[in-house]
Amino acid sequence: MKGLRERQNGKQRRDGPTSRPFAAFETVGCFSTRPRRAEGRRTPRALVLLGIFGLVAMRAAASDPSALDREGARASRLVSLNPSLSAILLRLGAADSLVGIDDYTARVLPELADRPQVGGLFDPSLEAVVALAPDRVLMVAGVDQEAHAARLEQLGLTVEIYANARFDEVLENIERLGRLVGRTGAARRRIDEIHAVRRAVAQVTRSRAQPATVAVIDRDPLFVVGAETFLDEMLETVGARNLSRSLGAGYPRGSLEWLIAARPELILDMTPSSPGGVAFWSRWPSLPAVAADRVLTLEARRLSMPGPDLDVALRRLAIHVHGAEIARSIDLALDTLRSAPDTLRSGGDGAEPRTPPAILEPGP
Amino acid sequence: MRRLSRRRMVGVLVALSGLLLLVCGIGLATGPSAVGVADVLRILLNPGDGALDPALRDIVLRVRLPRVLLGGLVGAGLASAGAVFQALLRNPLADPYVLGVSGGAALAGISVLALGGGAAVTGASVPTAAFLGGLLATALLYWVSGGRHGRSPTGLLLTGVVFNAFASAGIVFLASIAGFFEGSRIFLWLIGHLSAVEVAAAWVVALSVALGLATAIVLARSLNLLALGDETAAHLGVPVESHRRWLLLATSLMVGAAVAVSGLIGFVGLIVPHTLRLIVGSDHRLLIPAAALSGAGFLVLCDTLARSVLAGRELPVGAVTALLGGPLFIYLLRRAQARGSLT
């Protein structure tokens, strides 16, 4: 288990069951004890979009002889037990290396639905995984997954654990997976594009009003986007003050009373497969977001996947927070940044600074 | 059985009503935001006052008040149903779940949650399905447990246990095929919660609990005799089969409505009647209304804790009822054993 933890992007888990009394509940409720992404089934539109992205990427990879690294792939038979990892592989044009996926991936990424399925996110069939004889099993850090990883290792398989709670961790995953399947070039380009859009969005939204925001993952019962999550970082980048940070890390269960007392100016309701968000929140007319008609119901799958399209999600989030006209400003800022590529990277290593610009720090 | 005088009955019920009012007051004045007793009184006495902060009015009238009302109704329904079941089945472990009534309600509600798709989970479809599921489970139970020689408590109990196991298996199956978010909603439903309560739902629960409770109180004398055995009750003039049917219908009405709006809140139906038996005795003419008042107070108190102990965050009330009720019950049981009042 020690070796296993060391492979989690070189980091130890920040939260454990002892530090969070509600951890057991959160784990069963599919929100990892470690701040992690929120998932949901993709809608047909999102699926089509993702499918188009995937096909374009695959075509590009096939037509570009340099797409595969000279030294080739380090692994060619992969079983992925998480949709965000599967989505990255698909986007990098390495779908062929996926010989098995979890059931949930099959639901949210129909391009991969023909792959053998090995069970659920939290209860994969070890026998089905072993039968596929993979040279790597990919999974995301979490209490349940670690237990499965230990069993798979006992059965002689090589397991790689990925963390995807934070924005930078997702970028690291793209890089790691690119190396694993021999597509570092494609991975690098994807990461650079995400960096560029992040920088452009931050630049453009810097001078704009920063609405006090609550991002709702599920409205009844209420779950919100807390601190130390990639969604919180994205909110910060687009200039939205995330009020739910005060509730703690991850995706905490909030109370309605807290939300009303917090007086959010903007409510981003990402409750999946559930229309009626505006009607629900209008039951509390004192909410400034309701009074100002600033309750937005968003398609969760377009924002909450910690996958390869964080740039698309960031742009979309900026439009939701500041209005459609901001898209043009982002494009202009991107053009400027691309004309001076050095500005896209900090310290020349291509890594986005972990601390965002001071102007984006949350207000009181 | 202790002899029940009118004076004692009135005294106990008035005391419990006073306690319930006190707990409701605490529930209204407590929460994660800084809305205290003075604010609550001001808003309750003059809700239309334009000088009041609209957020305070929303918090008191549209968050706390519906929860206190619904918590009270659900608690009253579950506790009085538990008292009836324990007498009807002559089994101290009986509670609203043992007969599979709540299992049926949960299975129906969760079927809609898991399979119904997006539109289905937003409206009243889940509570409606759960309510109908509870009634259907009772009808099925009554029909299956009947034989040439009538229905025995043992037959009812065994059929209920089997049906409950079947319902649990169905719930596990549905949870395993449900999506990520549906799965987490199912989990919370299984623990029980009272979060975004709509006032309209409170009316349905109020009507169901009122009807069920009235039936149980009217038949309380028969219940005293049924607890002694079917033959004894029949010899003493109780129409056993008819009264059992009415009591089953009354309890399933209360449990179905409670499960429909709050999910499976455990322990209330088991702990409250037993605790009261230790305090006020086993005469159902007093026990049933006392269980309703105490169950209401207990659940309102647990829900107040659930939404207050972690500032801004919320615990499922079902977890609080178990955490609080279990040790309290064991304490009372041991005290009764030490005094020799329990054999």
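Start at B:Leu310, in the loop of chain B between helix H14 (284-308) and helix H15 (317-339). This is a predicted model. B:Leu310 is partly exposed, with a relative accessible area of 30%. Together with B:Leu310 they make a nonpolar surface patch of about 350 Å².

**Into helix H14**

Stay in chain B and select B:Ala291, which lies in helix H14. Is B:Ala291 buried or exposed? Its relative accessible area is 0%, so B:Ala291 is buried. Show what surrounds this residue. Leaving aside residues up to four places away in sequence, B:Ala291 touches B:Ala79, B:Ser80, B:Ala83, B:Val272 and B:Leu276. B:Leu99 and B:Ala291 are 192 residues apart along the chain, and their C-alpha atoms are separated by 19 Å.

**Salt bridges in chain B**

Next, select B:Arg285 and B:Asp283. Their side chains meet in a salt bridge, at 2.6 Å from N to O. B:Arg285 is partly exposed, with a relative accessible area of 28%. B:Asp283 is buried, at 6%.

Move to helix H12 (residues 240-262) of chain B. Select B:Glu241 and B:Arg244, which both lie in this helix, three residues apart, about one turn. These two side chains also form a salt bridge, with an N to O distance of 3.7 Å. How accessible is B:Arg244? B:Arg244 counts as buried because its relative accessibility is 1%. B:Glu241 counts as partly exposed, at 25%.

**A network with members in both chains**

Side chains of opposite charge can pair when their charged atoms come close. For a linked set, select A:Arg253 and A:Glu257 in chain A, then B:Arg64, B:Arg67, B:Asp303, B:Arg307 and B:Glu314 in chain B. These residues are linked in a network of salt bridges. Over all chains, the structure holds 29 salt bridges.

**A strand-to-strand bridge in chain A**

Go to A:Asp269 and A:Arg219. They form a salt bridge, and the closest N and O atoms are 2.7 Å apart. Which parts of chain A does the pair tie together? A:Asp269 lies in strand E8 and A:Arg219 in strand E5 (residues 212-219), so the bridge joins parts that are 50 residues apart in sequence. Both A:Asp269 and A:Arg219 are buried.

**Two positive phi values**

Turn on the backbone. Most residues other than glycine have a negative phi, and most peptide bonds are trans. Select A:Glu228: its phi is positive, near 55°. A:Glu228 is in the loop between strand E6 (222-224) and helix H10 (230-237) of chain A. At 30% relative accessibility, A:Glu228 counts as partly exposed.

Then select A:Arg263. Here phi is near 50°, again a positive value in a residue other than glycine. A:Arg263 sits in the loop of chain A between helix H11 (256-262) and strand E8 (266-269). A:Arg263 counts as partly exposed, at 38% relative accessibility.

**Charges over rings**

Display the side chains of A:Arg176 and A:Tyr162. The charged end of A:Arg176 sits over the ring of A:Tyr162, 3.9 Å from the ring centre. Then try A:Arg198 with A:Phe167. The charged end of A:Arg198 sits over the A:Phe167 ring, 4.2 Å from its centre.

**Ring against ring**

A:Trp281 and A:Trp284 are both buried.

For a pair in chain B, select B:Phe163 and B:Phe166. The ring centres are 6.2 Å apart and the planes are at 35°, so this pair is tilted. Both residues lie in helix H7 (residues 153-177) of chain B, three residues apart, about one turn of the helix. Colour by accessibility here. B:Phe163 counts as buried, at 17% relative accessibility. B:Phe166 is exposed, with a relative accessible area of 55%.

For the last stop, return to chain A and select A:Phe280 with A:Trp281 and A:Trp284. Ring pairs link these residues into a cluster.

Notes. Residues are numbered from 1 along each chain as its sequence is written. Chains are lettered from A and ligands numbered from 1 in the order in which they are written. This is a predicted model: local features need pLDDT of at least 70, side-chain atom pairs count only at pLDDT 80 or more; totals for chains, interfaces and linings use all residues. Side-chain values use heavy atoms; hydrogens and water are left out. Patches are made of residues with over 30% relative accessible area and no salt bridge: like charges are joined within 9 Å, nonpolar side chains (Val, Leu, Ile, Met, Phe, Trp, Tyr) within 5 Å. Accessible areas come from the Shrake-Rupley method with a 1.4 Å probe; for residues, only the protein chains shown count as cover. A salt bridge is a side-chain nitrogen of Lys or Arg within 4 Å of a carboxyl oxygen of Asp or Glu. Helices (H or I, at least four residues) and strands (E, at least two) are DSSP runs, numbered from the N terminus. Buried means under 20% relative accessible area, exposed over 50%, partly exposed in between (1.4 Å probe, protein chains only). Rings of Phe, Tyr and Trp (its six-membered ring) pair if their centres lie within 6.5 Å; planes under 30 degrees apart count as stacked, over 60 as edge-to-face and the rest as tilted. A charge sits over a ring if NZ of Lys or CZ of Arg is within 6 Å of the ring centre and within 35 degrees of the ring normal. Contact means heavy atoms within 4.5 Å.
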